[in-house]
Amino acid sequence: MADTFTSLAVDVVALPPWAVVAFAARCAERVLPAIFQGAHLHMDRILVPQFYTIWATQEAAATATVPPKPPAEVQQKAVDGIKQMDEWIEGSSAIRTAALAYKMAKAAPAGSAGLTRELTNLLRLVQKVGSNYPTLLQAVQRDAADLAAAAKKGKWTDDIGVSQSVFGPLWIEPPPSHWVVDSPYLAPGKWQDYLEGEYPWIVLRRDTPLVHLGFASRCVHRILPLLYQHPDQKICKLFGEGAWIAATFAADPENKKIQAELKKFADMTAKYRSQMDPFLPWHVQCAICAVMQSLWLGMGILKQSGSTNIPSAKLTMEYTALACDCMGTNVEELQQREWDQVRSWAVEHQVNPTTPVPQTVFGPLWPDKKPAKPWPEPSEIDFEAFRDLSWMQPASEPIPAVQELPLWAELAYCLRILRRATPWVLEKQGRHLTPAHVEVLHKYLDFWAKMLARADASKSTLAELDQIYEEWVKLWGAIHGSTATAILMNFLFPVAELQRQLRPLLSRKNLKEHELGIAASRCKRFADQYTRSLQIRGFSILAAEEYLRLKQQAAAESWTNTTPVPLEKCGPLWPEGAPKWWPRNGPTC
């Protein structure tokens with residue numbers, strides 16, 4: 001069998017170089033199921049690098065171009081995978097087969113003669129994988145015969161790309177009996193779908209960095225109206241200009257002026273990110289992060305200076321989808337359609353790493369229907385119009401507000417968020433709770449409300465509070481790690497924050513400004529999380545608006561750290577009426 005494989009290598013190497021690479025990729029795909037036998041417990045760590053390597057080799061052969069360098073995460077997974085499979089002869093040989101095929105693709109431009117040694121070694125690995133399976137040899141010989149016939153008929157030259165379509169079905173002969181060839185991950189054509197579905201930022205046909213940036217800018221364009229809900233028009237203008245610069249760089253990457261502006265705005269937005277107000281509505285934070293990701297993506301392209309490493313549009317896409325979700329608009333299907341659209345365009349136009357990607361590649365921004373309220377109007381803004389903000393209403397005179405909420409006002413803010421969430425959590429998660437859980441939770445929160453109404457932080461009151469908290473911990477702490485769901489676990493933290501962050505401050509006489517606001521910001525993140533992961537519409541927006549309103553009220557009424565703030569003084573919990581998800585028997589203030 002060894003002599004047969006050696007002579008087979010000599011025959012195949014006589015063909016044009018990209019035909020040799022196509023054959024090597026075919027062999028790597030053929031032995032792919034051998035990896036699965038020892039990788040089923042570590043599929044992501046072991047199979048993904050092989051999927052990528054084989055795909056990249058097939059693409060190189062089909063387009064007669066050197067394959068791109070694998071992304072860093074794929075390279076690391078490949079190293080881990082070889083360590084995992086060293087003792088599994090069939091699996092490790094299959095991994096090395098894919099690696100050799102990829103190596104041959106990189107060497108192909110020098111001609112077929114230099115591929116003889118690598119192909120011989122590759123076929124020896126194939127022999128090792130299927131030494132007990134004569135049908136494997138038959139299949140490989142059939143592939144070589146199909147390839148030679150197609151090369152002769154087409155009069156192929158050295159610069160002709162060779163796709164996998166020249167071969168027949170992957171398996172006519174019965175495959176080795178223990179191979180899981182019908183796995184959804186390994187069946188012919190299915191592993192490519194898996195790789196693109198699970199790792200779209202790794203695999204995109206003709207996915208140059210500029211293709212990624214063009215797509216990222218498209219995603220950002222859609223959420224521009226959410227940016228102008230930022231209360232500071234200077235920040236709004238900064239990020240609007242940044243979004244335009246990223247899109248312009250994708251369309252005109254050689255423009256030196258735009259390159260300089262890209263660097264400047266990437267730095268400016270990065271500085272803002274470290275100071276971003278955590279009390280902004282979650283959808284505004286997501287919109288800001290999406291713009292920053294597109295700018296950093298552009299900077300990654302600049303810094304690579306011709307490298308074929310592919311920067312990722314994944315985070316931009318995720319941030320824009322999250323921002324839209326918060327506003328009740330799901331764009332995942334639309335983004336996927338546009339991803340496919342730009343991929344088809346890239347293939348059709350045979351783009352290379354320097355091919356510009358203008359926004360005209362895409363169709364209408366909202367091809368199906370424009371988003372409904374609470375999406376702001378206008379629902380669609382042109383990049384150029386957004387830059388000068390001429391369409392925005394003049395900024396009104398800001399209402400005076402304190403820098404940080406006074407102590408009892410901060411407590412009121414935290415309690416208001418919990419009073420909005422508690423009835424919903426108890427209704428949704430009631431099966432995990434006993435009446436005792438519900439009773440002690442209400443007892444604990446109600447005691448805080450009574451303290452708040454009187455600004456009572458006497459020793460006896462704090463001692464009673466601590467006792468009730470211990471009762472709450474005893475019951476609710478037992479939920480942790482047992483029947484707790486993610487919803488309950490997320491709810492436990494802001495309740496405990498009252499005791500962790502605010503309780504110590506009540507017994508202090510001299511409070512420093514930096515000590516205030518910590519509990520409030522964490523409760524705001526809790527509201528953001530409920531808006532983000534549970535899609536409780538309006539929770540994050542309401543929490544942001546209420547924080548600003550309380551700061552304004554504190555300034556107008558000269559609140560101090562000793563001013564009582566009864567909950568009813570803060571107004572109704574739902575100023576515009578309770579949302580649909582709110583239980584009917586929930587509190588009103």
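This is a predicted model: local features need pLDDT of at least 70, side-chain atom pairs count only at pLDDT 80 or more; totals for chains, interfaces and linings use all residues.
Helix α19 covers residues 435–454, and at 1.5 Å a residue its 20 residues should span 28 Å; the C-alpha atoms at its ends lie 29 Å apart, so the two values agree. Following α19 comes Ala455, with a positive phi near 50 degrees.

Helix α8 can be described in the same terms. With 21 residues, 134–154, α8 reaches 31 Å from its first C-alpha to its last, which is close to the 30 Å expected at 1.5 Å a residue. Its buried residues include the charged side chains' positions Arg142 and Asp143, and also Thr135, Leu136, Leu137, Ala139, Val140, Ala144, Leu147 and Ala151. The residue that follows α8 is Lys155, and its phi is positive, near 50 degrees.

I close with a pair of helices. How do α10 and α12 pack? Helix α10 (residues 209–222) meets helix α12 (residues 233–251) at an angle of about 145 degrees, and their axes are 9 Å apart. The crossing of α10 and α12 is left-handed. On the α10 side, the contact is made by Leu210, Leu213, Gly214, Ser217 and Val220; on the α12 side, by Ala243, Ala246, Ala247, Phe249 and Ala250. Of the residues in this contact, 8 are nonpolar and 2 are polar, with no charged residue among them.

Technical notes: Residues are numbered from 1 along each chain as its sequence is written. Side-chain values use heavy atoms; hydrogens and water are left out. Axes are lines fitted to C-alpha atoms, for helices over the stretch in contact, and angles run from 0 to 180 degrees between N-to-C directions. Helices (H or I, at least four residues) and strands (E, at least two) are DSSP runs, numbered from the N terminus. A crossing is left-handed if the near helix is turned anticlockwise from the far one by less than a right angle, and right-handed if clockwise. Contact means heavy atoms within 4.5 Å. The expected span of a helix is 1.5 Å times one less than its number of residues. Buried means under 20% relative accessible area, exposed over 50%, partly exposed in between (1.4 Å probe, protein chains only).
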